[in-house]
Amino acid sequence: MRQYEMIAGLETHVELSTKTKIFCGCTTAFGSEPNTHCCPVCTGMPGTLPKLNARVVEYAVRAGLATGCRINRISKMDRKNYVYPDLPKAYQISQYDKPLCEWGRIELSNGRTIRITRIHIEEDAGKLVHVRGNTLVDYNRGGVPLIEIVTEPDFRSADEIREYLETLQLTMKTIGVSDCKMQEGSLRCDVNISVRPVGSETFGTRTEIKNMNSFTYMEKAVAYETERQIDLIESGGTVVQETRRYDEASGMTESMRGKEDADDYRYFREPDLVTIAVTDEQIEQWQADMPELPRHRLDRYTNQLQLPAADAALLVKYPRIAAYFDEAAQGVNARTVANFILGALFRRLPTDAEKENAAFPVPAAYLHDLAALIDGGKLNMNLAKTTFEKMLDTGKPVSDLLTQADLAGLDAEALAAVCRAAVENNPAAVADIRAGKEKAMGALIGYVMKATRGKADAGAATALLKQLIG
Amino acid sequence: MITQEEIRKIAKLAKLYVSEEEIGSLTEDMARIIAFADTINAAADTQEPFDSIQSLQNALREDVVRPSYPQEEILRNVNGGEDGYFRTKQSREG
C-alpha cells in the first residue's frame, strides 16, 4: 500500500467572555432555564436593531495580537443567510471579506508553524434539543459573541491539531478573552481533512467534520476520517466533498450533507451596523497591556530560570499557578519554588479544575519566605517540607510555624555533639554498620533529627557519623 | 438575465415551496426587481454615495448587562412554547 499523509485545516469557535451578548445587553451566563437570557434583539423580533458590544471588538483584536495577526483598521459585519431553527433571524451576523484580524501564526514544538488565515467576530446560534419528533429551541446562547479562528491547511497529524488547540486555549485564557471551556462549548472546532500520497503536491478532496468539543473526540474523529479516506482511495473509490459528523457512540463519522447542498450563504453587508474602525492608539494600548504569552513564559522558565522542560510546561499550563510561581520565585531559587508547587501544592489540587481555579491556602509571599530561608542555609529541605505542609494546613506564615531556635541552624560543634550522642546511645546500630549493614544508618540519622527537631542537615550528619564510626 | 433554474435555487435556499406554474411569473418579477436595483446602482455612480453605514463609524455599546425579558414574554408569540422552549418540527442537519 502507498504511504499517505493527512492534511488538515481548522476552524475554531471561541466564545468570548464578555458580560453581555454581541448585539444586546442580555447576559452571556451559562446554564440557566431556557429562553431566560433573551430579548427582542437576540430572538430576532421584527423591527429590532443590533448594537455592537465594544468589548467584543477589543477582545477579538487582543486575540489577533496574541497570535501575531495583522489588525484591519477598517472592518464591517455581513449577513450569512441560512434557514435553520437555531437562527431566529434566518441569518447570522458575521464577517465575510473584512475580518478584524488576518495572517497570524502559532508555532508548534516540532518547529512547524500553523498559519492563521483570519479571525472574525460573529454571533453564536441557539441550542437545539431534538425530542419526540420535535425540535426544541433555546436562544440563551443565541447572540453570545464568538471569534472564529481559521487556519491554512497546515496540519499534518492529530497531534499537531491537539497542540495547536491547547496553545490557542491557553493563549486565550492568558489574555483573558475566553475561558475556553470545551465541556461548556466555549471552544469548539471544525476540521477540514484530506489525504494524499506522500510526495504528492496537490491536495486531495476534503471533508469537513463539524463541531468537535473535546480533544479526545477530535483525535478519534481525525484518525477515523483519515483511515476512511485512505481505504476509500485504495479500494478504487473517490472521496466526496461533504460535511460529516462524528458520532461519539459508534466512533465513526457519518455524512451530514453532500456537495449538491453546498453552502450558499449569499453574504451581503449587514445594513443595520456601521463600519468598525480600530485606531493605532487602541492597538498600541492593547499590545502594551498584553500579559506574557504562554510560549514566552515557557522560554523564560526553561532558559532563564533553568527549570526542566516538563516542570515548566506544567506550571505554564495553568495561568494562575504560573502567576503564583512568578511571585513566589522572585529573587529565590526558582527550582526550589517549582518543586514545592508541583509537589505539595499539586497534591492538594488533584483535579485540572482545582489547578485552574488555583485557590491557594497561602499567599505566594509565604512560599517565597520559606524558599529564602532555604537559600540562606537557615532551613534544611526536610524541615522546609514539613513546614510547608504545616503552612498549607494552617494558612500561617513561616514566622508563626518555626521558632527562632529552629531558624538558628546548627553550628558544626552542636551537630558533632549530637552525632557523638547518637553513636553512644545506639550501640546495636553502630555494630550493624560496622558489619556492613548500611541501612542501620537510618536509625542514627533518625536519632539526630529527633534530637535537633529536624534542623540537622542529613547529608552533613551522615558524613560525620561515618567518620565517627570509622 | 435571471433563469428559472436560479429562481428554483433561491426558493430552495429560502425554504419556499414554489409550484411549477408559479416559476414563470416569479422569474419575470425577479427580473424586474433586479432591473430596479440596477437603476439605483447606476444613479449611485453619478453622485456622492449616500451611505450612512459607510460614513458612520463605531456605533458601539458598553458591555453592561441589562435585564432580559421574562421567559413567558419571549414565548408569547408561540403560545407559551413547550417546557420553556420554542418548538418546531424535527430538523436535523445544518
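Predicted model: local features only at pLDDT ≥ 70, side-chain atom pairs only at ≥ 80, totals over all residues.

Biologist: How many bridges join strand E9 of chain A to E10(A)?

Modeller: Strand E9 (residues 127-131) of chain A and E10(A) run antiparallel, and they form a hairpin with two residues between them. Within this pair, A:Val129 stands opposite A:Leu136. The number of bridges joining E9(A) to E10(A) is five.

Biologist: Which strand of chain B is joined to E10(A) by four bridges?

Modeller: Chain B has four helices and two strands, in the order α-α-α-β-α-β along the sequence. A:Asn134 has B:Lys89 as its bridge partner. The strand of chain B that runs antiparallel to E10(A), with four bridges, is E2(B), residues 86-89.

Biologist: Why is strand E10 of chain A largely enclosed by the rest of the structure?

Modeller: A residue counts as buried when its relative accessible area is under 20%. Strand E10 covers residues 134-138 of chain A, and it is largely enclosed because the buried residues among its five number four.

Biologist: At what angle do helix H6 and helix H8 of chain A pack?

Modeller: Two packed helices are described by the angle and the distance between their axes. Here H6 (residues 309-317) and H8 (residues 334-348) of chain A have axes 10 Å apart, and their crossing is left-handed. The contact involves residues including A:Leu314 of H6(A) and A:Phe346 of H8(A), and its residues divide into six nonpolar, one polar and one charged. The packing angle of H6(A) and H8(A) is about 65°.

Notes:
Residues numbered from 1 in each chain as written. Chains lettered and ligands numbered in written order. Heavy atoms only, no water. Axes fitted to C-alpha atoms, helices over the stretch in contact; angles between N-to-C directions. Left-handed = near helix turned anticlockwise from the far one by under 90°. Contact = heavy atoms within 4.5 Å. Nonpolar A, V, L, I, M, F, W, Y, C, P; charged D, E, K, R; others polar. Buried < 20%, exposed > 50% of the residue type's maximum accessible area, 1.4 Å probe, protein only. Pairing = 2+ DSSP bridges.
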